[in-house]
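Here are my notes on this model for you to read alongside the structure. Please keep the viewer open and find each residue as it comes up.

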Amino acid sequence: MSMMRSVLLAMSENRWMRERGPRLWFVRRAARAFMPGEEFADMLRAAGELRPLGIDTVFTRLGENVTDESEASSVARHYVDVLDAIGSAGIHCEPSIKLTQLGLDLDKEQGYAHLRALAERAHATGNYLWIDMEQTSCVDVTLELTKRLKAEFPRVGVCLQAYLYRTMDDLKALVDQGIGVRLVKGAYKEPPTLAYPKKADVDENFFNLAAAMLEGLGRKNGFRPVFGTHDVHLITRIRAHAERAGLAARDVEVHMLYGIQRGEQLRLVKDGAIVRVLVAYGSFWFPWYMRRLAERPANVWFVVKSMFAG
Ligand code: FDA
């Protein structure tokens, strides 16, 4: 891991930085490249702009590791309200949530109660609920709660991280149960005992996992494979693999983040793939933004430039 990446990931976890970083005007300005605004209405506006391009949306209100149950409850209420609003407006926006934002660190069962309330509302409004994956300390409990949820609600998916050695085993269990999987490379700082330290190994594992996911599609048990990456080379490899396996272009669903690889998103739509863009909003964006910088440290240059821009 590069020194810059390590520093940025350490900043994302630092409480002092989490409080003060968002107050820096030039950081706020630079962060706008990755989020259309802090309000739900900003997300809806972005979703409205993407729809005519053939791109649907996944949305997330940024936040993680909440330390107060009242905050977790208010997050859950927010999602329930916006799910209703989306359902009645007939917009194609799927929620993606972090369990530590629903209070997982405070009380697992209370966190699950919030999660269940969201799943219930997502189900009632014909939506699909995605669960993000956080640090390795959260992986077991996230998978456990996702499986519990799936026993009651059919349209549930979870993120898996290709940088973890364990992921192929986790994937098999999810495919068996028809739980959707959004495969990503992984955004946190993890030790080499748990995660591949080399990017080339992560990329190769991503491809092998993707191939297994495409096989899982044949089970017809509701399993939904999604590839959450901006890596054009990897997407091309996965699409070629799908084609060789006799799958249709629409069987490859790619999710990307708002503000990254728009040209590639449009090219994929033109080629018949399904594309969704994850649009984030909310005021607690600092750690999330630091992880975006860590993914591509050249982005730090945009922060520097925004200091001098008029
Ligand atoms: P890689 O990092 O190899 O990037 C490939 C290319 O994409 C780069 O060369 C660059 O051109 C472009 N690119 C990538 N990141 C960029 C950035 N920040 N700014 C500008 N360009 C960039 N992680 C996690 O641990 N848990 C989760 O729940 C999620 N959820 C999630 C949802 C979705 C929809 C996406 C797309 C990603 C996540 N992630 C995540 C983040 C993921 O783990 C990973 O850190 C990023 O997607 C970056 O990795 P890539 O696959 O894009 O490849």
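1. Start with Tyr 128 and Trp 130. Both are buried. Keep in mind that this is a predicted model. The two residues form an aromatic pair, with 4.9 Å from centre to centre. Their planes stand at 40°, and the pair is tilted.

2. Now look at the face of Tyr 128. Arg 224 lies over it, 4.4 Å from the ring centre. Another arginine is placed over a ring elsewhere: Arg 292 lies over the face of Trp 288, at 5.0 Å from the ring centre.

3. How many aromatic pairs does the count come to? The count is eight. One of them joins Phe 40 and Phe 59. Their ring centres are 6.0 Å apart and their planes meet at 70°, so this pair is edge-to-face. The cut-off for that label is over 60 degrees.

4. Where in the chain do these two residues sit? Phe 40 belongs to helix α4, residues 40-50. Phe 59 belongs to strand β1, residues 56-61. They are 19 residues apart, and the pair links distant parts of the chain.

5. Are Phe 40 and Phe 59 buried or exposed? Buried means under 20% relative accessible area. Phe 40 has 14%, so Phe 40 is buried. Phe 59 has 0%, so Phe 59 is buried too.

6. Phe 40 and Phe 59 also belong to one aromatic cluster, together with Tyr 79 and Tyr 281. Check the contacts of Phe 59 next. Leaving aside residues up to four places away in sequence, Phe 59 touches Phe 40, Tyr 79 and Tyr 281, among others. Its contacts also include Met 43, Val 82, Ile 86, Cys 93 and Val 279. Glu 94, Pro 95 and Ser 96 are on the list as well.

7. Step back to the nonpolar cores. The largest has 73 residues. Which of its members touch the most other members? They are Phe 59, Ile 97, Leu 115 and Leu 149. A second core is separate and has 27 residues. Leu 8, Met 35, Val 226 and Ile 260 are among them.

8. Finish at the ligand. Glu 295 has a side-chain N or O atom 2.6 Å from an oxygen atom of the ligand. For Lys 199, a side-chain N or O atom is 2.7 Å from a ligand oxygen. Ala 187 uses its backbone: a polar atom there is 3.0 Å from an oxygen atom of the ligand.

How values were computed:
Residues numbered from 1 in each chain as written. Predicted model: local features only at pLDDT ≥ 70, side-chain atom pairs only at ≥ 80, totals over all residues. Heavy atoms only, no water. Core = buried A, V, L, I, M, F, W, Y, C linked by side-chain atoms within 4.5 Å. Buried < 20%, exposed > 50% of the residue type's maximum accessible area, 1.4 Å probe, protein only. Contact = heavy atoms within 4.5 Å. Phe/Tyr/Trp six-rings, centres within 6.5 Å; stacked < 30°, edge-to-face > 60°. Helix = DSSP H or I, 4+ residues; strand = E, 2+ residues; numbered from the N terminus. Lys NZ or Arg CZ within 6 Å of the ring centre and 35° of its normal. Polar contact = N/O pair within 3.5 Å; in protein donor to acceptor, adjacent residues only side chain to side chain.
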